[in-house]
Structure formats: C-alpha cells, structure tokens
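Hi,

Here is the structure we talked about passing on. Please open it alongside this note, which goes through what was found.

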Amino acid sequence: MSETSYTDRTDGVEEKLRLLQDAYSQGNHDLTMSLVESIKDTVVFERQRKKIGADSVSGAETFAAVTELPAAWAQWARGWQFCKVLELSETAGIERRQEPVDICVGFLAEHTADLQREVRVARIDAATGTLCEVISQVYGEVFEEGERCCRVVFFADVPARGQVCYLVFYGNPFAELPRYATDLQVRGEGYGLDIENSYYAARLSRQMGQLERMRYKRTHGLELFIEGEGHGEPPNIDWAHDYLASNQFQKFRVTNWASCPNFEVVRGPLCTQVRRWGFPHAPAHPLFTPCRMHIDVKYTFYAGLPYFVKEGRMEMIQDFELNYLRDDEWLFAGHPFTQTVWMDREGILHEGEVSAGHGDDLWGVGFFNEHNRECFIALFLDHSAENFDGLYHAGAPALDYGGHGQLWSRWAARDNPNFKAGAVLKQHNAYIVEPYEGPEQVQQTRQGLLAPLRVGAAPVPGGARSAVGQLARRGETEDTAPLKKAIWQALREVPDDMYYRADANLVDMGYIYDLRVEDDLVRIEITMPHRGRPKFGYIANPLRRRLLELDGVREVIVDYTWEPAWNVARVTAAGREALGLEV
C-alpha cells in the first residue's frame, strides 16, 4: 500500500495497543516491550501537540499592531510588528518587587516565526509612561490549529493595591535569541543538574532528580546534606514522595527510581523547572510493579529569589488500601539548626514546639539557627485532596531524629486508608532559605505567594508616552542586518535530506535556533531533532557551504545545542504541509 498521508506513515496508539495485545497473548515478550516503547513515543508526540491556550491570559486573536502604539513607543519597538497589553493588579496590599509571573499567551501562527527569538516584555512606568524592557523567558511552545501558544515568564514590580501594564512584543523575523544576564546558573544535563542563584546552590540527584544537597551562599556557606546507606537508595535531603503498602509489606518510593521514567526540564534566565512523574518503585523492582498511585513532582528554582517551589500530585488510578503515605519529608545531617518553627491555619508563625491540638493542622514548618540566622522553612501554600476525606496537614519538625539529623515528615494519609480511583492529593510548597528575621518576614512571604498578581488583557493605554533607546539590539532590524533576509532564504534551501521527497528544510523543520550577523561573519545555533542523531555536522556542513556562497559572507560559525530540546511545535506551517501534518 502506497503511503501518501501522515496517517499512512505512522501508527497511532489504538493500532499499537491492538498489536501489543496480540504480541502479549502470543507470549512474545520481546515484541511486547518494543511496542510499549513505541506507544510511549506516540504519546510524547501527542503531548507536544496538546494545545495549552485554554488558560491563556491573552488569546491569539487579542493583539495590537505596533504601528497603533503611541509614536514614541512604536519607534522604540521598531522591528517588531505586534504586541499584547497585559495589566497586572496587586490585591493583597503587599508591594511586589521582582515577583515571578508565569502565564500562557496565544499568538496567531502567521504573526511569528520563532517565539523563543522574538518575544520581548516591557514595563510601562506608570508615572512617566516610559517603556523599559524586562528580562523574560519563553517555554512550553505548542503549535495547533493555526495558533502558537507558550508560557512567558517575567518578573514584575507592582505597588500595593496598584496596577501596572506590561507589553509583550513579537513578530520580528530578524530577532535573535536574547542573552540576558542573571544570577541563575545551571550546569549538567537532563534532570541531574546543579542550580544556583545568589542565595543558594542546589544539587539534584544524577540518578533520579531528587533534591540531594543545598549550600547557602552567605558567609561560610552552610550545606544541607544527608549521608549514609539509607535504605539502599542514594541519600537526599528531600525524601518525599512515598507510601507504605497494605499490611506494612513494603515501601514504594520515587527515590527508588534507577532513572526517571518520565521527565521534562525547563532552563532559562529566570527559572529552571525539573518535573518528574511515574509510578514509584518497590524495593525489589520489578518483582512488584503495581500501577495504583501515579506521582508527579516538580521543582522550580528562580533567579534572585530566596526560595524555591515544589509541586506534587499523587493520583489514585485504582481502588486500593495502603498503610500510610508521605508527601513532604526533609532530613538534614549535622544538626545545623537550633530552633523549630511552625505555622497555624491562620498563617501565624510560631517558634518552638508545636502546640497541643495543632499537630495535624500545620501550614508551615521548619528550622532556624539562632546564632547565624540561617533557616529552612516550608510554607504549605496548598495541601488538598479530591475524592478523599482523610488528609492530615501534619509534620512537626524535630531537632533530633534518633541521631540521624533534623527532620520533618508529613504523613498526609495514615491508619490504613482505602483510596478510590480518582482520588488526588495535591501540594504546592515554597521553601525559604534567606536569613531568618522573625515571624513577620515569613508570614508576609506566604501572604504574597497565596495571592499572586492578577494578570489580564488590557487595551493600549492612552496619554503622553515616551521611551529611551531601542528595543532592538544591533542586528535585529533590517537596516542593521541587511544580509539576514538573504541568509534566512538560503537556509530554506538546505534540506534534512533524510527526507527524500519532502521539502524538509532546516528553517521549516525548526532546526535553526539563532542567527547573528557580525559584519561579514555569520553565527548560527542549530539543533538536531533527537539524540539518536548526534552528528551535527550532517546539517552544519552543507549549511555552512551554502551560506559561504552568498555575497558579503566571509565566514560561518555553527554552534550546536540540545537545550531546549527540539519538538514538533517548532515546525512551521510550510514544514507541516511538507510532512503531511495538519497546519
């Protein structure tokens, strides 16, 4: 049968499930394992196509042409064609400085070529009307039904009870990947990362991505760690999530993963996210492999902020009984702290032991050192359950845990609970690592985190407006990089010729991450579609030869990267048509 369409050239999940059932019924376990892996590949592709615009604060159809802006702003943003106006409102009565904003934004596909290169964010000074660019980060891009959606991160300054407008600019084919300077530094690959900002340096386990160590950057650098054999898995300061099975038979732990079954990593100038998910493993995996509780854990580390965030989700997909489960547990060796703290339901922080009657109703716990003021305090922003009534908000901190160190352990469900399929336990925690100055400091931090800035689309503000300088760097407009148009056209003539009869050129396949022109020197950053094709020269060499044919090009330097990983969202409408995908 001739293959003439996309559906002819691949197999969907339904067909693979049929083949899987047949192979398993025949006892062909080798083929069964291969089909399981192939099903996962298909689902990865489907996830990349999933539209994320449902919660968009500014839909694709909501935009303004830059030419419609006040003249001073339009001149400042010369080179960009479109923008979105966002109004940020503060409702908790707390002045926000460098407040993280992470929103979903939609764009018409014909208005943009590459959101990673093009998106810029600017703040409008309410007093003067002056535009000023702020550092931004783009991730999570999706292309579906003629629209592109992505997450945009920036830090906002908004006065207490006030409103401030920010503009999101896009639509500049000459734009280059912005090189923002921040204190957020990330080293490593995959989920085995070292992450640091001006407050701390965190190390994630190379085995399973759990937070392994944390070093404070103040004075002599207190380090939080745990050593020893543990239960056979590498020791981490973060031990959650896990559960003890029915009849206290065995523990299932995410820290028993030999490697993360599923993960995704976001890296950028403002935040690094490491998300991992799957079924926890038994001590003698794969002897016991129940698929009853699906666990999802995500860390988020920010530039310039004295806290990090963990979000967790434990979802029951079958009815079953367990003995207890823990969803937040931290253990520190060396006894680095001298005092405990805890927070009640009203958000009041108390020093000392947990008062009677509050042991199962805690909304923050932690430690501090009365001499050097170092602290590690967890703020429980959300700890809730769906379809389950037996949730405990426990976890009193202990200054000495049987000689092992200092610990808190939140037993969120215990005493042999019976879970129903569909039950979900959720958490959203922030962990403070700045010097402890008293309860008010911690309480205000939690207040602000519980009441994030409200973001909504807004019309273009009127009135007198001004701007200083230009949004565009040299090379990001046609008059400062006259060669760029010819270079982009030439790149469209260079194919990934593993596709013999499709116009799978490097631009429309989304392999080109960045293009810079420095007089007669061209610098290009490229990727390959997956790590099974690590030989970048296969693309780089013909690319370089083609560009050297252009008048005015003396040299071409090609750099390679795997970050961020390529995905199908980078394929343009023309590329989709060539590959037989719906546009």
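Start at strand E13, where Glu-223 is the bridge partner of Arg-215. Keep in mind throughout that the model is predicted.

Arg-215 sits in the pairing of E12 with strand E13 (residues 223-224), which is antiparallel and has 2 bridges. The hairpin of E12 and E13 has 6 residues between its strands. Within that hairpin, Thr-219 has a positive phi near 45°.

On the other pairing, strand E11 (residues 200-204) runs antiparallel to E12 (residues 211-216), with 5 bridges. Here Arg-203 and Arg-213 stand opposite each other. This is a hairpin too, with 6 residues between E11 and E12. Gly-209 lies in the turn and has a positive phi of about 80°.

**A three-stranded sheet**

Look next at the open sheet of 3 strands, ordered E3-E7-E6 and paired antiparallel. Strand E3 (96-108) and strand E6 (136-144) are the edges; each has a single partner strand, so one side of each has no neighbour in the sheet. On average, neighbouring strands are turned by 20° against each other, direction ignored. E3 and strand E7 (residues 147-158) are joined by 11 bridges. One of the pairs to check is Asp-102 with its bridge partner in E7, Val-153.

**Lys-484**

Is Lys-484 buried or exposed? Lys-484 is buried, as its relative accessible area is 0%. This lysine belongs to helix H7 (residues 484-491). Its side chain makes a polar contact of 2.8 Å with the side chain of Glu-176. Setting aside neighbours within four places in sequence, Lys-484 is in contact with Phe-174, Glu-176, Gly-475, Glu-476, Leu-515, Arg-516 and Val-517.

**Helix H8**

H8 (residues 537-548) has 12 residues, which should span 16 Å at 1.5 Å a residue. The end C-alpha atoms are 16 Å apart, so the two agree.

Which residues of H8 are buried? They are Ile-539, Ala-540, Leu-543 and Leu-547. Seen down the axis, these buried residues fall within an arc of 90°, so they line one face of H8. The general rule behind such a pattern: an α-helix has 3.6 residues a turn, so residues three or four places apart point the same way. The buried residues of H8 pack against H7, strand E30 (512-518), strand E31 (521-526) and strand E32 (555-560).

Best wishes

Key: Residues are numbered from 1 along each chain as its sequence is written. This is a predicted model: local features need pLDDT of at least 70, side-chain atom pairs count only at pLDDT 80 or more; totals for chains, interfaces and linings use all residues. Side-chain values use heavy atoms; hydrogens and water are left out. Two strands pair if DSSP finds at least two bridges between them. Helices (H or I, at least four residues) and strands (E, at least two) are DSSP runs, numbered from the N terminus. Buried means under 20% relative accessible area, exposed over 50%, partly exposed in between (1.4 Å probe, protein chains only). A polar contact is a pair of N or O atoms within 3.5 Å; within protein, one must be able to donate a hydrogen and the other to accept it, and residues adjacent in sequence count only if both atoms are side-chain atoms. Contact means heavy atoms within 4.5 Å. The expected span of a helix is 1.5 Å times one less than its number of residues. The arc is that of the directions from the helix axis to the C-beta atoms. Axes are lines fitted to C-alpha atoms, for helices over the stretch in contact, and angles run from 0 to 180 degrees between N-to-C directions.
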